[in-house]
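I set out to record, in order, what I looked up in this structure.

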Amino acid sequence: MKVSARKGKTTMLQTSKASRQNAIRLNQFHPAATRRSGTAALSGGVTCEVTTISPEVALAMLDQSPGNRKVSPGTVSSYARDMKAKRWALTTEPICFDKAGKLINGHHRLKACIEANTPFCSLISYGLDPTARDFMDQGRVRRASDVLAFAGYHSTLKLAACARLLMEIKTGFVIQRRKRTTAEITDMVKKHSGLAASIRASEGMIGVPHALVATIHYIGSRLLDDTTKADAFVAVLKSGIPAYTNDPAHLLRERLLRQRGEASALKRQDTINAAIHCWNLFRKKQPLTSFRWPKEVSFDDLNVKSI
């Protein structure tokens with residue numbers, strides 16, 4: 001069976017309407033249906049069970065939707081990546097059906113299951129009041145930095161920012177707007193355990209993006225094995241004292257300090273490109289007399305597969 005879901009619209013290929021209706025009967029979305037022995041009965045006629053949802057069943061469930069908020073393709077794709085990479089975990093957040101057997105929660109997960117063409121395990125709740133949908137997804141979102149803090153990491157906001165930047169550098173900034181999942185970010189932090197040391201080494205700067213400098217320091221010291229130059233680059237950004245005439249690190253620092261609060265401040269991608277270009281020059285002790293950089297910038301000598 002081949003299943004496809006794109007731009008918020010779900011389609012199914014090589015699957016008959018009869019088999020989809022059979023999937024509906026198998027999963028018994030209506031609260032009056034007979035459940036498996038492992039189903040738990042709660043108050044108010046609500047029941048719950050844990051089951052594995054296949055792409056075919058996901059589509060059958062979506063067929064029972066009376067409508068939903070606007071689908072976020074980025075969210076669907078990020079969930080799909082986690083499902084396909086086996087990073088998806090069973091949680092207490094259920095797929096929800098109301099008293100009439102209509103789907104009222106879980107649309108993005110079900111569409112992601114179809115996009116990934118991968119089954120996933122989920123808690124399912126049946127028999128909810130239809131108005132329950134009005135009160136769902138109103139809590140504070142648990143961010144990657146929160147999960148890293150649970151795991152015992154420190155400076156987790158900066159760690160998460162460094163991990164995102166590493167992923168952008170790895171892909172050549174081609175898909176920098178992609179929504180990164182918590183699992184992707186935490187995996188990157190675990191893989192690059194030296195990020196924490198580079199964050200500490202980069203503390204104490206003013207006007208220069210901390211996560212950007214920490215990431216450059218990490219790449220220079222750990223991935224390019226040039227700790228001396230990485231430390232010296234950060235030292236110039238901290239002190240404002242150039243290491244040599246027309247020092248690119250010093251020029252970068254002065255430019256970023258001058259732009260603070262200005263409407264003409266560099267955009268994020270321009271700042272990243274300028275910083276990488278200045279690092280490349282600094283590492284070779286080359287001068288920079290004008291604050292310009294190539295249209296496309298990457299780390300010299302870096303094998304992105306090491307990220």
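**Entry 1: helix α11**

I began at the start of α11, where a side-chain oxygen of Asp247 comes to within 2.8 Å of the backbone nitrogen of Ala249. I note here that the model is a predicted one.

I then listed the buried residues of α11: Pro248, Ala249, Leu252, Arg253, Arg255 and Leu256. Viewed down the axis of α11, these buried residues fall within an arc of 165°, so they line one face of the helix. I looked for what covers the buried residues of α11 and found that the cover includes α10 and α12.

**Entry 2: nonpolar cores**

Which residues have the most contacts inside the largest nonpolar core? I found Ile169, Ile219, Phe233, Leu252 and Phe299, in a core of 50 residues. Several helices each supply at least two residues of this core, among them α6 (156–170), α9 (210–223), α10 (227–239), α11 (248–258) and α12 (268–283).

Apart from this core I recorded another, of 21 residues, including Val76, Ala112, Phe120 and Tyr126.

I next examined Phe233. Leaving aside residues up to four places away in sequence, Phe233 touches Ile216, Ala249, Leu252, Ala275, Cys278, Trp279 and Phe282.

**Entry 3: cysteines**

How many disulfides does a search of the whole structure find? I recorded 0. Cys278 is buried, with a relative accessible area of 1%, whereas Cys121 counts as partly exposed at 31%.

**Entry 4: salt bridges**

I counted 8 salt bridges in the structure. Asp82 pairs with Arg87, the closest N and O atoms being 2.8 Å apart. Asp82 counts as buried, at 6% relative accessibility.

Glu184 also forms a salt bridge with Arg87, with the closest N and O atoms 3.4 Å apart. Glu184 lies in helix α7 and Arg87 in the loop between α3 (73–84) and β5 (95–98), so this pair ties together parts that are 97 residues apart in sequence. At 9% relative accessibility, I noted Glu184 as buried.

Is Asp301 buried or exposed? Asp301 is exposed, because its relative accessible area is 61% and the cut-off for exposed is over 50%. I found Asp301 in a salt bridge with Arg283, the closest N and O atoms being 3.0 Å apart. Asp301 sits in the segment after α12 and Arg283 in helix α12, 18 residues apart.

Finally, I traced salt bridges that share partners, and these join Arg81, Asp82, Arg87 and Glu184 into one network.

Definitions and conventions:
Residues numbered from 1 in each chain as written. Predicted model: local features only at pLDDT ≥ 70, side-chain atom pairs only at ≥ 80, totals over all residues. Heavy atoms only, no water. Core = buried A, V, L, I, M, F, W, Y, C linked by side-chain atoms within 4.5 Å. Buried < 20%, exposed > 50% of the residue type's maximum accessible area, 1.4 Å probe, protein only. Helix = DSSP H or I, 4+ residues; strand = E, 2+ residues; numbered from the N terminus. Contact = heavy atoms within 4.5 Å. Disulfide = S-S within 2.5 Å. Arc of directions from axis to C-beta. Polar contact = N/O pair within 3.5 Å; in protein donor to acceptor, adjacent residues only side chain to side chain. Salt bridge = Lys/Arg side-chain N within 4 Å of Asp/Glu carboxyl O.
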